[in-house]
Amino acid sequence: MSDRIFGVFGMILAAGYVFAALAIEESFLSDAVGPKAFPLIIAAILGLSGAVIALRPDPEPHWPALGRLAELAAAVVVLILYAEMLPVAGFVIATAFAAAYLAWRLGSGPLETVAVGAGTSIGIYVTFHLILGLSLAKGPFGF
Amino acid sequence: MELLANLGDGFAIALSWQNIGLALLGCFLGTIMGALPGLGPSNGVAILIPLAFTMGLGATPSLILLTSVYYGAMYGGRISSILLNIPGDEPAMMTCLDGHPMAKKGLAGEALSLSGIASFVGAFLATWGLILLAPQLVKIALLFGPAEYFALFALAFMTLGGVSSTNQAKSAFAAALGLGLATIGVDTQTGVPRFTFGEVHLYDGLDFLVAIVGLFALSEVFIFLETRHGGSDAAGRKLTIGKLYPPVSMIRQTTPTMLRTSFLGFIAGVLPGAGASLGSFISYSMEKKLVDKEGTFGTGDPRGVAAPEAGNNAAAGGALVPMLALGVPGSGTTAVLLAVLLALNITPGPLLFSQNPDVVWGLIAALFIANFMLLAMNIPMVGLFTRVLMIPSRILMPIVAMVSFVGIYGISGSTFDLLVMIGFGVMGWALRKLDVPLVPVILGTLLGNAMENNLRRAVTIDNGNWWTLADSPLSIALWTVAIIGFVLPVIVGARLKARMHQRRDEKGAVSD
């Protein structure tokens, strides 16, 4: 079933891609092929392979239970928040929280969670910023 | 003799303090990455690329660092295969078959040192193969026009599917997806924006480094979160190694095996679409057919340890040949290495050999140096790396995730890129669950623009005649190979791949 849905999704994606490709405004100065042809070829392959996947699906993959999916979704949200907060809170603070969250969700105890969070953040800051001179996000405190 | 002179120049470049230091660092990190299940050569190299950039390394030093990681990972993968029966990376899965039984018999140290020697032989011979074969391939590549290049790119995509997935439709899908992603941004020939939906950040196109780190490294973190695999695989097991040098008789017994499988592995590496995993697989299968008269393979036969290790290291060297000489990588990790070259504004292919000989020969010399370093690290110091196996992934994975973010943020300093990377991470996770190979996606985003430019150049030169794509004997030959490469696995390859994928660990799902 997963593959059938995936295949149909592929075909819809291909259709959307064709639609977007046809909407490309051509410039008056163009080569013999133009900017649309290659995307249209790709769309054809995308659509065809989507159709084949839908018609001849593989055995069902092993999907995680709903609880695990929620876990993944939560991790994605945390990482997005991390990306957004990076320029606001500064590298060290944001990274400490994100790393601690991941460590906690992977099964660390409270003490280890704090240690991984602080250790990762400070370790990266020292290695990459202080030693190698990489510019990291500066927060209100300058680190 | 010109060859030796070139090689001499290469050594002059590689033997600077900085380059030796980078090779040493790369070998060390690579062995660790190979040894840790969940971090393979492709994600290892992927995480380090942005760092190599932001550190402001030049082309040759970056390549030396990253190919040392690549070679190192090929060595390191065997450690957990032998000690834990869990392949450290995908190419090492065949080493489990005889390596772990040897360790159970109390011969862990012998198995580790023998496989270290086999790795060295494989990689050493393959580097010579690279020196001899790449310049010949360059001569052929000089005959290529745009139409031939277009056919060559098509060949790379069509044959890649043959090994990287059990389902050709899925690898075609993956390739189309990657190529489609590459078309995002301002069209290089006419200057019109495509598929940008008015988002200014997309005008430059998607940065393929962002795609690579997301697809490879971040999706790995998601897989670990999903299975909540937080412990260390080595937890609660005693890792005794014992004697660190194999008896001379064992080396003598396995020498013919090493030589044969190095050759075979190298060929497997050069072929488009095949990588180190296939190299070790066919090496083991062939050796088993050839010398296993008493049926000792699978019960801890030293030859069964030497064969896949020589094979996968030789294939790793072989895979560099098409990447350097044609600019068309045949495996996941060489695709990532191609990204390094492209990001440094160096176009691999025949011109690389004439315009940047220092890069090519410096790299080759560094490979020799790295190989000796790895031999030294992997036999006397192997105990150090076995300790690394004790690091639980609940500590390792947050570090991997954060280093990925740092690398990408370091390149552009933009939050938008980080969000795109998270998107790629989620996409990579979903594709892996659906058994869609990731390597064609990466290759598509990398080669998409070059492929389209060659197509348009070829057709434009011939005044809009599309048949120009297949009217020289060379391009017809390339198309023929491409079509055979795509169709053949559908007919005969299903059985071979089923056997190969049976052994595949879910965690090692990023094919190399």
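Tutor: Let us begin with a definition: two residues are in contact if their C-beta atoms, placed from the backbone, lie within 7 Å. Keep in mind that this is a predicted model.

Student: How do you know whether chain B agrees with a compact globule?

Tutor: Set its radius of gyration against the globule rule. For 512 residues the rule gives a value near 24 Å, and chain B has 22 Å, so chain B agrees with a compact globule. Its C-alpha trace spans about 70 × 50 × 50 Å along the principal axes.

Student: What does the rule give for chain A, and what does chain A have?

Tutor: A compact globule of 143 residues would have a radius of gyration near 15 Å, but chain A has 23 Å. Along its principal axes, the C-alpha trace of chain A spans about 55 × 50 × 25 Å. Its secondary structure comes to 5 helices and 0 strands, whereas chain B has 19 helices and 2 strands.

Student: What makes a residue count as buried, and what share of each chain is buried?

Tutor: A residue is buried if 20 or more other C-beta atoms lie within 10 Å of its own. Buried residues make up 33% of the 143 residues in chain A and 63% of the 512 residues in chain B.

Student: Why is a set of residues called a nonpolar core, and how many residues has the largest one?

Tutor: The name applies because the set holds buried residues of the kinds Ala, Val, Leu, Ile, Met, Phe, Trp, Tyr and Cys, joined through C-beta atoms within 7 Å. The largest such core has 214 residues, and B:Leu66, B:Ile212 and B:Val213 have the most contacts inside it. Helix H5 (residues 93-141) of chain B gives the most to this core, with 23 residues.

Student: Which residues does B:Val213 touch?

Tutor: Leaving out residues up to four places away in sequence, B:Val213 touches several residues, including B:Ala46, B:Ile47, B:Pro50, B:Ile408 and B:Met421.

Key: Residues are numbered from 1 along each chain as its sequence is written. Chains are lettered from A and ligands numbered from 1 in the order in which they are written. This is a predicted model: local features need pLDDT of at least 70, side-chain atom pairs count only at pLDDT 80 or more; totals for chains, interfaces and linings use all residues. A residue is buried if 20 or more other C-beta atoms lie within 10 Å of its own, exposed if 12 or fewer, and partly exposed in between; C-beta atoms are placed from the backbone. Helices (H or I, at least four residues) and strands (E, at least two) are DSSP runs, numbered from the N terminus. The radius of gyration is taken over C-alpha atoms; the globule rule is 2.2 Å times the number of residues to the power 0.38.
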